[in-house]
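Consider the structure shown below, taken here one region at a time.

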Amino acid sequence: MATISQLLASALGLLLCVQLCRGTGELRLVDGGSRCAGRVEVKHEGQWGTVCSYDFLWDVRGASVVCRQLGCGTVARTSPYMPFGAGAGQIWLQPFLCRGSETALHHCPHYGWGQHYCGHDTDVGVTCSDAVELRLVNGGGPCAGRVEVKLRGQWGTVADDVWDMEDAEVVCQQLGCGSAKSAHDSTHFGRGSGPTQLALVDCRGDESALWECTVPGWGPYPGPHDWDVGVVCQGFVRLVGGDCTCLGRVEVRQGRAWATLCKAHVDLNTAHVICKELGCGAALAITGAARFGAGAGPIWDGGFECAGNESLLSACTRRLPHGQGCTHASDAAVICSSYTGFRLVNGSTECTGQVELEARGTWGSLCDAGWDMPDAQVLCHHLGCGFATSVPRGGCFGTGSGPLWQDTFHCSGTKSHLGECPATVLGIPACSPDHAAAVNCSGGTEPLWLVDGESRCDGHLEVALGGAWGRVLPQQWDASSASVVCRQLRCSTVQKAYAAPVLGPGSSPLGLSGLRCVGTEARLAQCNSTLPSAVPPDHAEEAAVVCSGSQRVRLVSGPGRCAGRVEVYVQGTWSRVCEDTWDLWDAAVVCHQLGCGEVLAVPGSARYGRGSGPVWLGAGACSGAEATLWECPAPAPAPALAPGQRGCKEGAGAAAICSELTALRLAGGSSCTGCLEVFYNGTWGSVCANGTSPATAAVVCQQLGCGAGGRLSPTPTTTQGSGPAWLAWVQCKLGADSLWHCPSAPWQLQPCDSPGDTHILCDGEPGGAHRTHAAGAGSMPVPTMLCIVLGTLLCLALGTLTVQAWRAMAQHRGPGRATDAISEAIYEELDYTLTPEYQEVPSVSGSPSEGSVMKLPYCTFHNVEATSPGTAAVGSPPSLSHLELPGAVTNALASAPGDMGYGDVGVSSPGTSL
């Protein structure tokens with residue numbers, strides 16, 4: 001027979017079940033700026049009412065039920081003290097002791113609909129993670145800048161006077177920007193505007209979101225922006241091994257290490273996202289490890305599926321690994337344009353006018369000092385404006401606006417994008433606004449082009465079909481048809497017409513087949529062909545052509561583009577050059593053709609290696625006055641020889657060193673400390689310190705692989721350069737990717753005035769070791785060190801004498817007081833050592849002083865004894881405690897964390913007690 005207690009328990013359980021199951025369950029958050037933040041309200045019997053509770057009955061578990069019921073992610077913050085204002089009217093629920101696993105808030109235990117013991121002054125508010133956003137602004141990219149948080153639909157800043165690397169690490173990881181490189185406070189990236197959304201953030205460093213850290217100060221708060229924080233992240237992806245940040249081997253962040261990507265896992269869309277994340281222009285090419293060297297660390301397991309419109313690589317879908325594993329021999333490399341845009345302005349059409357280019361978000365005119373027809377040819381082709389008809393004199397279309405870029409391009413005319421051409425700025429003379437580059441293009445886009453080749457004059461043929469690009473099938477494809485293509489593209493004559501393997505689908509499902517030309521037609525449209533039709537899905541080959549306009553020359557395996565082994569691109573293949581008849585005159589033509597100045601030397605194959613691949617025997621007998629290597633009166637080019645075939649007695653390693661070979665180093669110290677020297681015109685020379693910008697040090701250190709930053713330092717007399725300097729007034733700016741892209745005075749040998757040569761101290765050492773800088777400009781002088789040591793010994797001696805004196809006093813007073821006296825001495829000494837002291841600095845004229853020193857607190861925020869109420873310490877920004885906080889939380893930030901004026905509930909994971 002059931003006992004009375006059992007009956008009562010059953011009745012209570014039935015009552016609780018009724019309370020849990022009744023109600024409509026509709027839920028909303030109001031007055032929070034979005035549907036995922038605000039005051040909690042529930043609907044019952046057709047009427048909306050609030051939810052109230054107390055901090056000992058309401059925690060993150062109840063809030064997690066709210067966020068999950070609304071589909072708003074996880075809990076960012078919750079409080080039972082009306083963080084979104086007090087409601088009005090009906091209070092429907094007072095839930096308590098939610099487990100966090102309930103599917104609806106009214107499934108939590110409660111006292112019944114409309115039954116409550118709390119009022120509107122404890123109306124519950126919840127902010128879910130989907131209502132909070134994070135970004136970095138004013139830092140030149142998505143992974144650096146001032147930290148801003150979006151609350152209640154409005155962006156605002158984060159304020160903290162003790163912002164550290166753990167806090168910055170959470171921000172960087174949350175944004176997919178790898179690990180933190182540096183943490184900044186005191187408006188390093190400028191003062192923000194609007195409210196302060198978060199204050200006094202304290203992170204461990206392993207949280208998945210900034211709002212999962214301890215955040216006593218949830219805004220919005222009005223007030224000054226003197227403590228706006230910022231971060232610089234290492235980034236999730238980087239390009240290494242090149243001479244700037246826009247080209248090199250692809251590496252992604254894997255934990256605390258950098259991992260390479262397999263070339264087979266990087267497509268053009270992925271490359272575009274990589275370039276965009278790094279603040280570069282369009283992706284120009286995807287290459288292998290040969291150009292930038294193979295990696296040595298881990299290899300990323302898998303790849304990325306990018307649409308191409310993502311701003312960060314980490315936002316792309318991860319691709320699972322498939323097939324055989326990769327090795328470092330197949331590491332991927334990407335070449336991005338350093339320029340994010342090109343255009344022609346002030347002309348009568350969009351295909352004529354003054355040349356303007358965009359670099360890192362800034363448009364400017366281009367100086368015409370090095371602008372020529374090959375450069376103009378590439379630009380016209382890139383803009384879809386046909387070919388260049390003329391290069392008018394500078395200033396023909398006005399002076400333009402914005403900065404005047406001094407970049408000098410060295411195009412061969414066969415590139416498809418101006419960003420592919422080598423460019424230099426260092427040492428280029430200043431240019432006046434009336435010397436802006438200009439071009440007249442023929443206008444109109446040719447209805448055909450060549451893709452997947454080494455230049456615009458070789459590759460697979462694509463034709464415009466119904467607004468998209470379709471391939472041409474190789475049936476009846478021959479040299480006559482290919483010659484029309486070369487002529488129409490202004491790529492000179494045909495060298496080879498062939499059927500090439502399919503590399504990928506065209507952008508159109510249609511294609512042409514049966515294309516036949518006589519060879520005398522001016523345009524491909526005049527040839528006979530079948531009507532466009534669907535391309536068979538199993539077709540294996542497509543029409544391709546190599547025009548003589550694709551002939552190029554390069555110097556490889558050297559320290560720069562102006563020194564190395566000579567290679568020529570003929571017949572669609574890169575070939576080495578025979579050394580048998582190679583001399584200074586031949587090398588002089590190569591130097592001129594590459595825009596590398598005059599020839600300095602013709603080293604043997606031992607200098608840069610013999611290389612591999614076919615050998616071209618058509619070079620030699622140049623007079624030195626020819627514009628290109630192909631104009632030399634050499635014998636007719638012989639067919640390229642396969643590796644191992646004879647025909648070149650001295651070897652196939654012809655090389656050249658040109659006068660505009662440029663290199664840099666730090667001399668007179670270690671490889672990461674010393675006087676800055678540049679190699680130019682065959683000679684090492686220093687750089688004068690006068691006019692050298694502080695940012696130049698960081699650019700040089702990054703280029704040499706000596707850490708992310710550096711500083712200018714006085715030149716030691718023992719390392720002062722003995723010869724003249726090549727450069728002065730080197731004015732690198734923050735964010736510059738290479739010393740060669742920094743403006744300076746023109747190249748010329750010149751003596752350095754005071755303060756002598758540029759001396760740089762980098763933050764790191766080769767291999768990634770970080771250097772710890774002393775506080776001063778140099779090491780601590782020996783006399784100072786001796787004074788410190790002697791002072792320490794003196795203090796110890798005085799301490800010993802003091803203890804002995806107390807013991808003597810104790811013995812004099814009597815044995816009963818000896819122990820007490822010693823204890824008093826010890827307590828007094830401990831009291832003295834544990835009492836916070838002020839730092840004493842010499843007083844400044846006109847500043848408040850006490851005697852001869854001014855007392856400053858250790859921390860301007862936490863110590864409030866140093867200044868009068870409402871005033872700030874001299875020479876320091878106002879403390880965070882001066883923020884004007886609304887309502888009951890006015891003094892929240894001035895109190896210690898955990899002693900909050902509004903009793904905010906901390907956020908923890910569901911299932912844990914708070």
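Leu-794, Leu-798 and Leu-801 make a nonpolar surface patch of about 310 Å². Areas are from the Shrake-Rupley method with a 1.4 Å probe, and for residues only the protein chains shown count as cover. The model is predicted: local features need pLDDT of at least 70, side-chain atom pairs count only at pLDDT 80 or more, and totals for chains, interfaces and linings use all residues. Residues are numbered from 1 along each chain as its sequence is written, and side-chain values use heavy atoms, with hydrogens and water left out.

Leu-798 is located in helix α10 (residues 782-813). Helices (H or I, at least four residues) and strands (E, at least two) are DSSP runs numbered from the N terminus. With a relative accessible area of 47%, Leu-798 is partly exposed; buried means under 20%, exposed over 50%, and partly exposed in between (1.4 Å probe, protein chains only).

In soluble globular proteins, nonpolar side chains tend to be buried together. Here the largest nonpolar core has 30 residues, and Val-147, Trp-163 and Leu-210 have the most contacts inside it. Such a core is a set of buried Ala, Val, Leu, Ile, Met, Phe, Trp, Tyr and Cys residues joined through side-chain atoms within 4.5 Å. Two or more residues each come from β7 (133-141), β8 (144-151), α3 (165-174) and β13 (230-233). The largest share, four residues, is that of α3.

The structure holds 24 disulfides (pairs of cysteine sulfur atoms within 2.5 Å). One of them joins Cys-262 and Cys-326, with sulfur atoms 2.2 Å apart. This link is left-handed, at -80° about the S-S bond. It connects distant parts of the chain, 64 residues apart: Cys-262 is in the loop between β16 (257-260) and α4 (268-277), and Cys-326 in the loop between β19 (317-319) and β20 (333-336). Cys-262 is buried at 4% relative accessible area, whereas Cys-326 is partly exposed at 24%.

Another disulfide joins Cys-688 to Cys-752, S to S 2.1 Å. Cys-688 lies in the loop between β44 (683-687) and α9 (695-703) and Cys-752 in the loop between β46 (725-727) and β47 (759-762), so the pair ties together parts 64 residues apart in sequence. Cys-688 counts as buried at 1% relative accessibility, and Cys-752 is partly exposed at 24%. Cys-675 is buried, with 2% relative accessibility.

Strand β2 (residues 37-44) is largely enclosed by the rest of the structure, because seven of its eight residues are buried. Strands pair if DSSP finds at least two bridges between them. β2 pairs with strand β1 (residues 26-34) in the antiparallel sense over seven bridges, and a hairpin through two residues joins them. β2 also runs antiparallel to strand β3 (residues 47-51), with four bridges, and Glu-41 stands opposite Thr-50 in β3. Two residues lie between β2 and β3 in their hairpin, where Glu-45 in the turn has a positive phi of about 55°.

Definitions and conventions:
Patches are made of residues with over 30% relative accessible area and no salt bridge: like charges are joined within 9 Å, nonpolar side chains (Val, Leu, Ile, Met, Phe, Trp, Tyr) within 5 Å. A salt bridge is a side-chain nitrogen of Lys or Arg within 4 Å of a carboxyl oxygen of Asp or Glu.
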